[in-house]
Amino acid sequence: MGSVFDEKDFLACCGSTKFAKEMVVAGPFSTHQDAIHAARNIWFNKVDVNGWLEAFAAHPQIGQTPSRDHKSPTFAQWSKGEQSTALSTSTELTLQELLEWNARYRGKFGFVFLICASGRSTPEILAELKIRYQNRPIIEFEIAAQEQMKITELRLSKLFSDKADTAPAVKPLSTTNIATKAEDRVNIIGAHLTAATRAAGAKPAHIPIRTRPPITTHVLDTSHGCPANGVEVRLEMWKDNQARPQFGETYIDGWISLGSSATDKDGRSGQLMNMVEALVPGIYRISFNTGKYNPDGFFPYVSIVFEIKESQKWDHFHVPLLLSPFSISTYRGS
């Protein structure tokens with residue numbers, strides 16, 4: 001029997017009512033890692049734009065304390081604790097500058113500047129705010145959602161830790177040691193908590209059953225500030241066991257098609273590969289027919305090549321494309 005939490009508990013982790021309700025439905029969770037996997041799926045695939053904005057609005061501005069009448073006292077308490085380093089490293093001058101930049105940011109993007117502030121100083125946060133202020137709104141919206149997920153993961157860990165402190169000791173279900181590593185904050189959007197050691201060949205007990213294919217994508221049209229509808233997408237895998245694809249080499253054979261689709265009105269592609277529990281480790285290529293989507297653009301097509309290691313075969317890989325007529329960018333999402 002896993003730990004049982006209610007909607008109020010999950011609302012303290014993320015200010016979206018939809019998120020909290022969906023987490024209750026998905027539970028109970030045997031481990032906090034199970035909860036994190038479910039939370040990522042719910043946050044990125046079930047909570048809509050209004051839910052994201054509701055979650056953003058629950059946060060106080062960096063450098064300010066939460067409202068006394070906050071809908072979740074635990075949320076407010078955790079927010080205060082997460083900003084403790086920032087407040088302890090601030091001066092009257094830096095706090096005033098932070099206040100001014102917070103106002104600029106909200107004026108441009110329409111929501112509070114969101115960053116996983118735990119352990120970060122005021123100068124560090126201020127520098128990040130100034131960098132992100134230069135972003136286009138749709139890109140910044142995606143980054144803010146990623147930062148919210150980082151905060152949610154941190155708070156889910158606290159939730160389970162608090163439950164463990166008050167619950168009687170139980171015998172572990174498995175003797176397998178699962179070591180997790182903290183995400184690298186240098187990458188704004190990058191890494192999530194992943195297992196550092198896993199039992200060879202066997203599915204780790206904390207990995208839930210997949211609810212979507214292990215490789216997915218979506219395309220955002222940053223020039224229009226909306227999802228890109230109708231972009232053809234193809235997923236392939238390198239199957240030549242005698243050689244690896246190398247930079248500068250031209251290959252005709254070796255790439256095997258896994259599937260193709262086109263993005264929908266939300267910019268998300270249909271199923272690009274079979275629903276498998278374990279990915280085959282190897283080199284993959286995902287390609288986008290950007291020339292057909294925008295004949296006047298700079299890119300006739302875009303291909304992204306990436307490698308999945310043996311230790312990553314249980315993970316989910318979301319490879320979004322941020323597209324404008326003369327620039328592209330991508331990152332590994334959740």
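1. Let me start with Arg-268, which sits in the loop between strand 7 (255-262) and strand 8 (282-288). Please keep in mind that this is a predicted model. Arg-268 counts as partly exposed because its relative accessible area is 27%, and the limits for that class are 20% and 50%.

2. Leaving aside neighbours within four places in sequence, Arg-268 is in contact with Phe-44, Asn-45, Thr-217, His-218, Ala-262, Thr-263 and His-318. For Phe-44 there is a polar detail too: its backbone oxygen lies 2.9 Å from a polar atom of the Arg-268 side chain.

3. Now to His-218, in the loop between strand 3 (215-216) and strand 4 (219-221). Is His-218 buried or exposed? With a relative accessible area of 5%, His-218 is buried. Its contacts, not counting residues up to four places away in sequence, include Glu-142, Gly-267, Arg-268 and His-318.

4. Finally, the packing. The largest nonpolar core has 45 residues, and Met-23, Trp-43 and Phe-56 touch the most other members. Helix 9 gives the largest share of this core, eight residues. Phe-56 touches Trp-43 and Phe-141, among others. A second, separate core of 21 residues includes Ile-215, Met-273, Phe-288 and Phe-306.

Conventions
Residues are numbered from 1 along each chain as its sequence is written. This is a predicted model: local features need pLDDT of at least 70, side-chain atom pairs count only at pLDDT 80 or more; totals for chains, interfaces and linings use all residues. Side-chain values use heavy atoms; hydrogens and water are left out. A nonpolar core is a set of buried Ala, Val, Leu, Ile, Met, Phe, Trp, Tyr and Cys residues joined through side-chain atoms within 4.5 Å. Buried means under 20% relative accessible area, exposed over 50%, partly exposed in between (1.4 Å probe, protein chains only). Helices (H or I, at least four residues) and strands (E, at least two) are DSSP runs, numbered from the N terminus. Contact means heavy atoms within 4.5 Å. A polar contact is a pair of N or O atoms within 3.5 Å; within protein, one must be able to donate a hydrogen and the other to accept it, and residues adjacent in sequence count only if both atoms are side-chain atoms.
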